[in-house]
Every structure is written in C-alpha cells, then in structure tokens.
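Grab a pencil and have a look at the model below. Try each exercise before you read its solution.

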Amino acid sequence: MNYVKTLGAALLASVAFVSAAAACEVTLRSSDTHPEGYPTVVAVQKMGEMLEERTGGKLCIEVFHSAQLGQEKDTIEQTQFGVIDMNRVSLGPFNNIIEETQVPSLPFIFRSTDHMHRVMDGPVGQQILDAFSDHDLVGLAFYDGGSRSFYNSQRPIRSIEDLAGMKFRVMQSDIFVDMVSALGANATPMPYGEVYSSIQTGVIDGAENNWPSYDSSGHFEVAQYYTLNQHLIVPEVLVMSKTSFDKLSAEEQDIVRQAARDSVPVMRDLWQEREKVSEQRVRDAGVEIITDIDKTPFIEAMVPVYQKYVTSPKLQQMVADIQATE
Ligand code: BDP
C-alpha cells in the first residue's frame, strides 16, 4: 500500500516536473565545471527561476553542472559558437582571448574580496563585461571565486623558497604560468578535471585554488598541505552566447541581464557560507594548513609579471583605476 502510494506520488511529481519544463519555450543550457550544490551552480539555477517567473514561463535555464558539457576552455569555445547558451567560468581561461580579463587576474591586484567587489561592481567591471561583445559573447555578471592559495602533496610551504622546483597545475592562462615561474616553481597548465589524478600519479606536486574548490574537487585528499598565501582573487564570470542572446527580444534581453545581476547577491551569500563549510570539512580531514606566511616576498616577485602584461595604456589605466579604488 505504502509502496503504491509512494509510486503514485513519484509519478505525479515527475509529471509535474515534465509539464513545468515543457512550459518553457526556450531552455537555455548553461555550463559549469562545479557539482550540484556549489554556489555558482545554485546561483545560476536561482537566476533561471527568476527568468522563468519574469517571462511568464517562457525562458528557463538548465545548468549542466560537473563539467557535463566539457572542461572550461572547450565550453568557452562552444559558447562562442552558440552550441552552449550560457557559461559560468573563471576569468582565468579568458586571459589569452580577452586582454581586459587579464587585469583582475593579476596576482595581488585586489587587497581583499571587498575591494574586488567594489571594482567589479564599478566602471572597471563594466569595461570588462563590455569587452566580451567583441568575442561573440555577452558578459552578464561577476561571481566570487574567493582567494586562491597553493596546495601540494609533498611538504608544507612556509616561504617562497619552499616552492623552488615544485610543479603546480595552473588554469590555462599565460599569466599564471609566468606567476608560478616568477615564484621559482614550474607551472603546468591543464584542465581542472585532470588535476586530481595528476596529483595522485605524481605528474604534478599540487595546484592552487580557493576553499570551496579545494574541498569539492577532493584535491585535499591527494594534496594535504595548504598554504594560505592568497596570491589571486580571480572573479568568475557568467557569459551568454551572443548567438543565443540575439535570438531574444529586447525586452527578454533586459530581463536576462537583470536576472543575472540579481543572482549576484544570492551568489555572494552562498559563497560566504560555503567558504566556512569547506574550510571546516578540509580541516576535519586532517589537512595541514599553513597560515603563518609572509606575503611580501610573493608580492615583490610579481613585478616582472606586471611588467610583461600591463603594457598597453588601456591596461595600465585599468590597473591604476583598481589601485585607486578604495
Ligand atoms: C575554480 C573556478 C573554476 C575553475 C577552477 C580551476 O571556480 O571556474 O575551473 O577554479 O582552477 O575556483 O580551473
């Protein structure tokens, strides 16, 4: 009896689900490398709910999480081609394509997450969002990516000298390769999804990321030394394929832009919570966390990186604007 009842309820639920999904005329497919429940995934799902409500059920979003549509570099190309409608990615993999994205990806460019928010919510952030339009994309909003620090499987890193000769995975961006080289270590750019096994098999010694990614990727299981040197605060971005965007009416485009903006505070709250949860989970797993680290030599080592990348007057102005932002 109970079984029949449960079955009936499950059937009803699935019918309801099918009809709700079917009511959407357009379901935008959005990519994310992170798993279900990760702040970026949930924020885009929330944006989808807003969209559905504000378009009377016409537009919906389906988030393909856990890299179901591929690794970031490939999904970016597919979004440019209009095969994928939306994408939530780090700014890192855009660095080699859109020069404006290099500026917020520079090591130690932001003094804090609050500073990053003020910059990305202001004119510099808008300038970067606008830059996507020359690359078949529409920049919709920035999300948080926390601050990134090094972790490895070999030994606790307590100073810049300890990094010497170690091999770290970085996102596929030349800036990060040069950043790691300037610290005296070796960089291997590779997709996020290959990092776990590469550490496990000793192809690399470690990588660098924020608390939630270090946790959700399981990297802490294979790289048990985490040094909070916080060299990067790289914002994440939500973009839409220009091809998909152009298919919408002007009114719908405004609704999409607004819903993306409205998902930002949702994301920031989720992020703050998740950072604490992930930190606790990793600490409970017995990872060695090195907090007592002098950042000054790391900051000083970045001079050649700035010299190499901040060359055009445009990027120099952007760096100056960021530094002048309170
Ligand atoms: C995470 C970002 C994700 C990147 C990943 C990486 O949220 O977009 O793919 O880092 O290191 O923090 O590749």
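This is a predicted model: local features need pLDDT of at least 70, side-chain atom pairs count only at pLDDT 80 or more; totals for chains, interfaces and linings use all residues.

Residues are numbered from 1 along each chain as its sequence is written.

**Exercise 1.** Work out which residues surround the ligand.

*Solution.* Start with the list: T33, E72, V89, S90, G145, M171, Y192, N209, N210, S213 and E236. To make the list, a residue's C-beta atom, placed from the backbone, must lie within 6 Å of the molecule. Next, check the domains: at least three shell residues come from each of domain 1 (2-96 + 111-144 + 236-274) and domain 2 (148-233 + 278-324), with bounds from an automatic or database domain assignment.

**Exercise 2.** Find where S66 sits and say what its phi is.

*Solution.* First, find the loop between β2 (59-64) and α3 (72-81); S66 is there. Helices (H or I, at least four residues) and strands (E, at least two) are DSSP runs, numbered from the N terminus. Then read phi: S66 has a positive value of about 55°, though it isn't a glycine. Most residues other than glycine have a negative phi.

**Exercise 3.** Compare the span of α2 with the expected one.

*Solution.* Helix α2 (residues 39-54) has 16 residues. The expected span is 1.5 Å times one less than the number of residues, giving 22 Å for α2. From first C-alpha to last, α2 reaches 22 Å, close to that expectation.
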